[in-house]
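Me: Please take a close look at one part of this protein for me. I would like to know what surrounds it and how it is built into the rest.

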Amino acid sequence: MKPISKFFFTLLVLTGCYNESSQSDKPFLQNVMKHYKLPSFNLMDKQEEEKFIYPLMVVKRANALNLDVAHFMDMSRWKSIQEEAQKNIATFDYPKVNFEGATSRELNEFLKTANKKTVVLTRDIEATEAVIVPPQTIIDGGGFTVRASTPRIFLLHDINHAAVRNINTGGDFETAVYVTNGDNILLEKLHISKGKDRPVVVMGKTTHLYLLNNTIEENGKGGIYIRGDVSQGLIEGNKIRNNGHSSNLSAGLVITDIKIVDLHDTEKVAFEKIDHRMTYPHDLVIMNNEIMEQKSSGIYLDGPVSIYITKNRLVRNDKEGICLDNGTTGCHFFNNEVIENGGRRKQTDDDLKGDFVLQFGRLEDGSSKAKLPGVSIDNAVYNVIIDNIIKGNYGSGVKMVRTGIRTIIGKNKIVNNNAGTNDRFHFFGVELGLAVLDFETDILDAAPAYENIIFSNQIEGPHYAGIFLAEEAYHNTAFKNEITGVKEFGIESISSKNNYARENNMDKPSRGPLTE
């Protein structure tokens, strides 16, 4: 029999929920329990874990990857990534040389002799062919525009210590920057608009990726698309706005572990079972970005590990503010604002059909009745949602669609996330769901919510219920939440299994079986 995962043991220690008398480090545990004011919670025994937890693909994958899951609660980890990034970014400082030409063909010739130089544009240029960025080279546009009549403008293939910065893009193009297999890649202060496809693509094994202070707006298919073994990166200060296409993989920021079939073609995919997806993005810090008014979601996490997301604003995206999907593991989502997402106002009938919700109809304003939450969790494990403002979203605040396992939802301000209530649906502050699969598949699980801890949240406003637990939810705990202004119930459970509600302050009673 397998032991309880190292992550969850560490999590219990750090939240003061583990107090086995044989534990030697009593002073530390007592200090932690005192700080969080959390008692000992009831958890599954090992026999129950064998039955309910270990067969799940998200857990089997974490075990197969031999992840040091204990580090998921080490909040200093993201700061070390940020500090390394700041040191590396400071090294992008080669001597400057001016480029006086007017075309990308001339620029490509010039770059052949510009090793360890910062090449500064002195005018707008016309790109009739892609600019091939060499290693150890910086292209600084000086605020000038590259007007393209080529599908891809800048190509960074198998190179190290290269940068593209201070450039506006225009003309007839699909993708502004396409990166494959690099190290120390910096894209900074680019203004990319009206591209026909994905504006920024990073594919393959890329380390030390830095995407800083870019504006990406009104492009055809999402914003930033990251796929493969991409790690040790910083994505900071970007404004990603009003980009098109409704698929999950066209969100404002996509980080996915979908198997790469062709490094040079994002549309070629090979979908695998979650526990077969062994190459994945990891150890990325996403901070101080504004992602708003996407036709899809703000951020879509599709199987990465150890992603740290903080101080971002996710506002009025037509689908979710953020999704943690398909094996996302060890994500920290903290100190963010998630506001007015999930309205589904921009979706065509084909879009809604593709999401299997067209049959639910539309409201008088033309939007779909099937609204979406601010934060969505679907087949994900060991994630932390803490200290966020989650407000005014249309289809619940935080929603576990299915297979939400050992998630921590704590100290969030969750306000009025039933904005999309209608004659077909109503919504909740926190929802531990069990949605049926949209189609028959063996690549993910359709399991209930297990062993999630929901504590010290301030849940306000006319949610149908502050917290909802769907069928078969088991060993979830709601502790010391403040739940006010709900329409019907403080906590509603329709699960026949043991779940726990302790010391919650509510202005309406709960409904359903709950254990103190």
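Reply: Of the 516 residues in the protein, 59% are buried. Keep in mind that this is a predicted model. The protein has 7 helices and 42 strands. Its radius of gyration is 24 Å, which agrees with the value near 24 Å for a compact globule of 516 residues. Along the principal axes, the C-alpha atoms fill a box of roughly 75 × 60 × 35 Å.

Now to strand 23. Buried here means under 20% relative accessible area. By that cut-off, 6 of the 6 residues of strand 23 are buried, so the strand is largely enclosed by the rest of the structure.

What encloses it? Start with the strand partners. Strand 20 covers residues 282–287 and pairs with strand 23 in the parallel sense, over 5 bridges. In this pairing, Met287 stands opposite Thr310 of strand 23.

Next comes a helix. Helix 4 spans residues 57–64, and its buried residues are Met57, Val58, Val59, Arg61 and Ala62. These buried residues pack against strand 23 (305–310). They also pack against strand 28 (375–381) and strand 31 (398–405). After helix 4 comes Asn66, whose phi is positive, near 55°.

An α-helix has 3.6 residues a turn, so residues three or four places apart point the same way.

Now the record. UniProt places "domain: Periplasmic copper-binding protein NosD beta helix" at residues 287–418, in an unreviewed entry. Over that span the chain is 5% helix and 41% strand. The end C-alpha atoms of residues 287–418 are 27 Å apart. UniProt also lists residues 172–250 for "domain: Right handed beta helix", again from an unreviewed entry. That span is 0% helix and 57% strand, and its end C-alpha atoms lie 20 Å apart.

Among contacts between residues at least 6 apart in sequence, 62% join residues at least 24 apart. The protein exposes about 19500 Å², and carbon and sulfur atoms supply 48% of that area.

Notes
Residues numbered from 1 in each chain as written. Predicted model: local features only at pLDDT ≥ 70, side-chain atom pairs only at ≥ 80, totals over all residues. Heavy atoms only, no water. Buried < 20%, exposed > 50% of the residue type's maximum accessible area, 1.4 Å probe, protein only. Helix = DSSP H or I, 4+ residues; strand = E, 2+ residues; numbered from the N terminus. Contact = heavy atoms within 4.5 Å. Pairing = 2+ DSSP bridges. UniProt positions renumbered as here; feature names shortened; annotations may be inferred. Rg over C-alpha atoms; globule rule 2.2 N^0.38 Å. Areas by Shrake-Rupley, 256 points an atom, 1.4 Å probe, with all protein chains shown as cover.
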